[in-house]
Structure formats: C-alpha cells, structure tokens
Amino acid sequence: MPPQTRRTSFPAVVIERDTDSEESSSDEDEVEDVVVESEEEAEVEEIQNGESVEEEPPAVKKREKVPITISLKKVCKVCKRTGHEAGFKGATYIDCPMKPCFLCKMPGHTTMNCPHRVATEHGVIPAPHRNAHNSLEYVFERQLRPKVSKIKPAFVVPDQVHCAVIRYHSRRVTCLEFHPTNNNILLSGDKKGQLGVWDFGKVHEKIVYGNIHGCILNHMKFNPTNDGTVYAASSDGTISCTDLETGISLSLMNLNPNGWQGPSSWRMLYGLDVNSEKGLVLVADNFGFLYSVDMRSNNKVGEATLIHKKGSKVVGLHCNPLQPDLLLSCGNDHFARIWDMRQLKAGSALYNLAHRRVVNSAYFSPQTGSKILTTSQDNRLRVWDSIFGNLDSPSREIVHSHDFNRHLTPFRAEWDPKDPSESLVVIGRYISENYNGAALHPIDFIDISTGQLIAEVTEPNITTISPVNKLHPRDDVLASGSSRSLFIWRPKEDSEIAQQKDEKKIIVCGKAEKKLGKKSAGESDDSDDDLSKLKSKNSKPGKAGPRSSRSSIKGKR
C-alpha cells in the first residue's frame, strides 16, 4: 500500500512588523514582514515489509518546521532597490534618489523643485547668428528671410474645448490630420489601424473605417492632387490609399506578403510623407530603410535605401516645403538626418544631427523650411535656426516633459502653420500638475525663439494625457487626441459665441458608463505590444465595413 498523507490543519499566516528594519520618517516607509508558519500536523504511516517505520527524532522535526519569512519591502521601479518608491502620487512625481532629476536629467535636485518646471525658458540662451559664409546662406538672406515677419505677431491660443467625441476609437489615437480644403474635416488614426473621418463643424457626422489596416496606423498624408484620398502607413507593413467618401482602400505596397514569419523579419512602416514635386510617397520601416511609391502608377520605385542605422526604426519623414529635394528623417538611432533626394544612397546624408536619446519627430518650419524642430525622448526640444548655417549644435535646447515609458503615443512638437514668425509650437505634457486639486496633463504652447511657455491649456474633464496634437492650417483651432477621444479647442471668445448659437456638443460613442478605478489618470487603455497579435490578425479577414453606428449624444454645453 502506498504511503498516504492526511492534512489536519492549514498553514497559519501571521503579519508582523519587522523590528530590525531601517528607521523611517513616515509610516509609509515602514517594512512589513509576512511570517508563514507551516504547522502541518499529519500522521504518515509507511508500510515496508509489513512493519511500521518509527517516527523521526524530535530534533529533525523541529528543524523542518522553521518558519518561512517572506519580506514584502517597497521596491523602486526605476533602480530596482528596496526602501523607497518613485513615480506619480496624485499630481506629484517622486524622483528616485539614485537617479538625476526626471525632467531635466541633471543631478542635484528633484523634479518638484527643478527650475525648468517653473520656467521653460530657464537656461535657454538665444544663439547668435552663425554665418557659414557660403552661397546658400546668401540666397537664404536675400530670398527667404524677407518672408519671415520681423515683428512677432500676437499669438492666438485655442484654450477652450468647443466640441468632442468621447471614446471615438476602440484603441488609442496615434495620428491626426486636417483636410487640406474642408476646414471642418479631421482625420484620425488609431492603434487598431482604423481611420476616422469627423466633421466637427456638424459634430455628429462621423465615421470610422475599420477595414484598412490590421494594426497601428502611424502616419497619414493627403494626396496633393486629390483631396478625397489619403495615404497611410501602418505597422502591418502596408501603404494604403483610401477614398474618404466610400472607404474603399487600395494597398500600394506590402512588405510582408508571406504573413507572419517571426519578429525578426516582420517589417513595420512608421515615417511617411509625400513629395509632390516628384510624385512620390515616401515611407520608412523599422529596419532603417526608405521606400518610394509612384503616386501615378501606384507601384514601388527602385530599391530600398538604408538611411539610418540598420535595425533601427525610422519614425519620421518630412520633405522641405520650399525645396522638396531636401528630406529630413529621424529615428531610434538617436539621429535626425538631412538628405538630398537627388543623391540618395546609404551614408550620403548632408548633415547628421545628434541627440542623446530616441528622436520622436523632426520637422522643417512650415513657411520657409529654413528651421528645424526636433522632439527627443531626453525631454528636450531642439531648434536649429537655419539649415544653411552651422548645424554642428542646435541653436536652442528647451527642457520639456515628454519622456514616457509605454502605452502612449510618442509626443511630437508640432509647428503652428499659420504663424509667420515660425516660432509657435504645441506639444502635450507628460508630468501632471495640480489644478485646484485635480491632476491634469496640460497641452503646452511654447515660443521656441525664447523658450518661453506661452500658454498651458487644460480642461478639468480631460484627466488623461494628450500626446497627439495638431494645429489647423487656416483656422484658430487645435485638435487633440487623448486616449480614444478627440477634442476640438477654440479661443475662448469664439467658443462663447458658439455656445450662444447652441453649437457646442459633446458626443459619447459606445457605452456611456465609465469604468472607474481600473486605470489611473495618467495611463492609456492599452499596451503597445502588438507583435503578439499579428499572427491571428494576419490569418483573419478584416472587417467588412465601417464602424459608425455606436454613437449617442451625451449633452450640450
């Protein structure tokens, strides 16, 4: 007969204070110990050759019944050491004592008393004009400089929510784009690959096309010759050309024709721009390569060109608005690079603009194309005043909070296309602030010529982070993507007039009830790890039609 064990009592769990722990100035820092005493009282009878085996000596039993002590100490998520914690507590960010300031990355102080937190222009010194004494600089001074206003106009800041669509997308918003001719049309892409078309002038006219891409829609641009179609690049490795009226999409290029073959071979498209002069759609992937597609034939042109470190993402592309042959790219290899499209080959960059960490975005200035603005993960906005001057170092570095961990769309500083002085930019803020007891993440308007914070826009009902922001090219309108929702901001005076006309509405899509207590205010509603889902998405067909039926009016304001 095999041996049998019978349990007569269960282990007792005793929670006690650890008197040997380090002293702390607050009760929150005290260490708790959990003592698990295994008092298993069982009678085990072993029958060997018909005889009972005598019990073990008491000394052996006592040695086996030593209590198991499990110490639950506070562990810092930053340095992985015990005895302290770091992160958000309400609107307050607590720094790890083993690391420098989280905001400016400099030692000697914490984020709460960082001088850059109070004044963004702290330490920003306007760079003197560095003349390169070349012909390009001469042409710039004679032809482009007169177009820049010498007298800086008064900035108009959209500071009040005019209308919104709550939970418009099923996943977080990743990109926004205004229609080039219709002032009231806003396009939005999300992490699921869906494309939304919203007429915020009529508020209720909206639609979401869910059959275009299988995962993250990273960038989109309108066709310069047909404003009814839009190009989009996705992490499923395809370029789409979508008719906004019908929702019918045409795939121009697929880098994964054989489906999922593992993460080492799966190509994802991130950066996208349109070169109207050459009639090309330019896209870049997560392996550092640049691809070209002819807009007339919808076919790939030439071979892929390595423009960044092999194996690194190229997350941004931008063609110069006045000189389309100049291409600006940025990526995860800590560089932004300027290229000449006429002599494009690996290692032929005109300039390599070094950064300390990943570069989230890089843009030429919208009016003259002579300035460069980059957003880096090291909490810095970098500005180069002239692409024809000395590019060895930036003209200014502005400290701004946009360094995040995961589950957020990357922050990108965007120019105001209406500003003739080319000095106003908008970007969302990561670190929250205390506004009358509420922890809010404002949207910042910054004057990059001085580094001064012009305005910080907040709304008490928007407690999530707003990393995606876009200024209207013609109207005083700001569009923001926060989690799954879209918001339209207008100047306060215009919003008051609209309110009198009873045109200010908030629309709620999907279920109206909110599930509180499951996520903190600073977290998004999904993760950024989509590669594990590409196997199933690649084998399943896309949705047959748009998702636009689930909508209801919450109220009027």
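Predicted model: local features only at pLDDT ≥ 70, side-chain atom pairs only at ≥ 80, totals over all residues.

Biologist: How many salt bridges does the structure hold?

Modeller: Some join into a network, which links Arg117, Arg429, Glu433, Asp444 and Glu456. Another joins the side chains of lysine 202 and glutamate 205, at 3.7 Å from N to O. The number of salt bridges in the structure is 22.

Biologist: Is lysine 202 buried or exposed?

Modeller: Exposed needs over 50% relative accessible area. Lysine 202 has 52% relative accessibility, so lysine 202 counts as exposed.

Biologist: Arginine 356 and aspartate 378 meet in a salt bridge. How many residues apart are they?

Modeller: Their N to O distance is 3.6 Å. Arginine 356 lies in the loop between β24 and β25. Aspartate 378 lies in the loop between β26 and β27. The pair links distant parts of the chain, and the separation is 22 residues.

Biologist: Is arginine 380 buried or exposed?

Modeller: Arginine 380 meets glutamate 397 in a salt bridge of 3.8 Å, N to O. Arginine 380 sits in strand β27, glutamate 397 in strand β28. Glutamate 397 is partly exposed at 31% relative accessibility. Buried means under 20%; arginine 380 has a relative accessible area of 7%, so arginine 380 is buried.

Methods:
Residues numbered from 1 in each chain as written. Heavy atoms only, no water. Salt bridge = Lys/Arg side-chain N within 4 Å of Asp/Glu carboxyl O. Buried < 20%, exposed > 50% of the residue type's maximum accessible area, 1.4 Å probe, protein only. Helix = DSSP H or I, 4+ residues; strand = E, 2+ residues; numbered from the N terminus.
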